Amino acid sequence: YHAQPSQGTEQEKMDYALNNKRRVIRLVLQWAALYGDLLQEDEAAMAFLEEFYVSVSDDTRMIVALKEQLPELEKIVKQISEEPKAPQKKHKVLLQLFNTSDDRAQKRQPIRGSDEVLFKVYCIDQTYTTIRVPVSSSVKEVISAVADKLGSGEGLIIVKMSSGG
């Protein structure tokens, strides 16, 4: 965040520092926006966000151009720190689409909305179950099918993971 180039004019060094600081602020804002619920449960993350906010606030006194990002950072930090910290029962699940037959043996046909797909639903307790839903199902319908299968729909979170391998 505070990196400075060793070469260049003072203006080039200031521009470099400003661009680096802006990038780091954007990264922290995106991180906090994506993982706000999880961050509020992590004391180290909350301490980091508060310390980062103070650091950026101090920097705005010397680098006026950073002021434009300060309100957004302040909003995120306040939002995360003010959310209720009461434990919530959440089922974190991962849906994985899998094919039950060999692709090479299967004839290629267009997918229709009435076709069904099979999902593996992984739960946080390392168990999984399977559900079958139509291709045209909305996220709400998929979550409903998972809730029916698990016996509870309270606090379900849908997570999609993918891998290049």
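Met 46 counts as buried, because its relative accessibility is 7%, below the 20% limit for burial. In this predicted model, Met 46 is found in helix α2. Its contacts beyond four places in sequence are Leu 39, Gln 40, Ile 80 and Ser 81. Ile 80 is 34 residues away from Met 46 along the chain.

Helix α2 spans residues 43-62, and helix α3 spans residues 70-82. Their axes come within 10 Å and cross at roughly 155°. The angle is over 145 degrees, so α2 and α3 are roughly antiparallel to each other. The crossing of α2 and α3 is left-handed. On the α2 side, the contact is made by Met 46, Leu 49, Glu 50, Phe 52, Tyr 53, Val 56, Ser 57 and Thr 60. On the α3 side, Leu 70, Leu 73, Glu 74, Val 77, Ile 80 and Ser 81 take part. By class, the residues of this α2 and α3 contact are nine nonpolar, three polar and two charged.

Helix α3 also packs with α1. Here the angle is about 5°, and the axes lie 10 Å apart. An angle under 35 degrees counts as roughly parallel, and α1 and α3 are therefore roughly parallel to each other. From α1, the residues in contact are Val 28, Leu 29, Ala 32, Ala 33, Gly 36, Leu 39 and Gln 40. They meet Glu 72, Leu 73, Ile 76 and Ile 80 of α3. The contact of α1 with α3 comprises eight nonpolar, two polar and one charged residues.

In soluble globular proteins, nonpolar side chains tend to be buried together. The largest nonpolar core of the model has 18 residues. Leu 49, Leu 73 and Ile 80 have the most contacts inside this core. Helices α1 (10-40), α2 and α3 each supply at least two of its residues. The largest share, six residues, comes from α1. Leu 49 touches Val 28, Trp 31, Ala 32, Leu 39, Val 77 and Ile 80, with residues up to four places away in sequence not counted. Another core lies apart from the largest one. This other core has nine residues, including Phe 119, Val 133, Val 142 and Ala 147.

Note on methods:
Residues numbered from 1 in each chain as written. Predicted model: local features only at pLDDT ≥ 70, side-chain atom pairs only at ≥ 80, totals over all residues. Heavy atoms only, no water. Axes fitted to C-alpha atoms, helices over the stretch in contact; angles between N-to-C directions. Helix = DSSP H or I, 4+ residues; strand = E, 2+ residues; numbered from the N terminus. Parallel < 35°, antiparallel > 145°, perpendicular 65-115°, else oblique. Left-handed = near helix turned anticlockwise from the far one by under 90°. Contact = heavy atoms within 4.5 Å. Nonpolar A, V, L, I, M, F, W, Y, C, P; charged D, E, K, R; others polar. Core = buried A, V, L, I, M, F, W, Y, C linked by side-chain atoms within 4.5 Å. Buried < 20%, exposed > 50% of the residue type's maximum accessible area, 1.4 Å probe, protein only.
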